[in-house]
Amino acid sequence: INAEYGDIKAQESGFLTAMPTVYPTTSSPVSVSAVSTTAEAMESSDCTDRSCFYFSTGRQSTLYLQNWVIDSDLDFWLAIAGLFVLALLYEMVKSLRSCLILEAQQHAVRGERKPILLRGDTPEHESPGIDCLQHFLCALFYLLEWTLLFLIVLAVVGFNVWNLIAVLAGLFTGYLVFGKGRLN
């Protein structure tokens, strides 16, 4: 490989593949072995950035933002409790939205209007704004449910075992408390 220009090498199958181009930053020659790859970074034991794709069991980590560094025992336990509560809230919001949907379906079975099918043929004693309000609340709960879910996923993809355990415990507890009779 010519490290200065990046030659093209033909493989046995007849296809051409471009070799990585390495441009030196100084006038001294650069060796290809000095170029670090992602696989080498993952195999190294001192991998501290976000390029590691294996779970760690350390208490020092970063949660959500680069400035949210968990570096003390108090920060660690607050983060674990926060992730547990976040997962619990996700299950609660999911159950509340499911209850609203079940209520709307029961109204539809009894011959009442579905919130989304609001038309001008409403009886005089019922307000058309109630169905719109119910549909709007379902949409808000849907938005909140997905926002909480994305925050949970972002915490887990930090590849910290303690974060994963806190989230799983929160989801389990939330389903035990709020999940009875819910649509799945």
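You are looking at a predicted model, where local features need pLDDT of at least 70, side-chain atom pairs count only at pLDDT 80 or more, and totals for chains, interfaces and linings use all residues. Residues are numbered from 1 along each chain as its sequence is written, and side-chain values use heavy atoms, leaving out hydrogens and water.

Switch to cartoon next. You will find 4 helices and 4 strands, in the order β-β-α-β-β-α-α-α along the sequence; both kinds are DSSP runs numbered from the N terminus (helices H or I, at least four residues; strands E, at least two).

Now select R59 and D73. They form a salt bridge (a side-chain nitrogen of Lys or Arg within 4 Å of a carboxyl oxygen of Asp or Glu), with the closest N and O atoms 3.3 Å apart. R59 sits in the loop between α1 (38-43) and β3 (61-62) and D73 in helix α2 (residues 73-109), so the pair ties together parts 14 residues apart in sequence.

Move on to E145 and R97, whose side chains meet in a salt bridge at 2.7 Å, N to O. E145 belongs to helix α3 and R97 to helix α2, so this pair links parts that are 48 residues apart in sequence.
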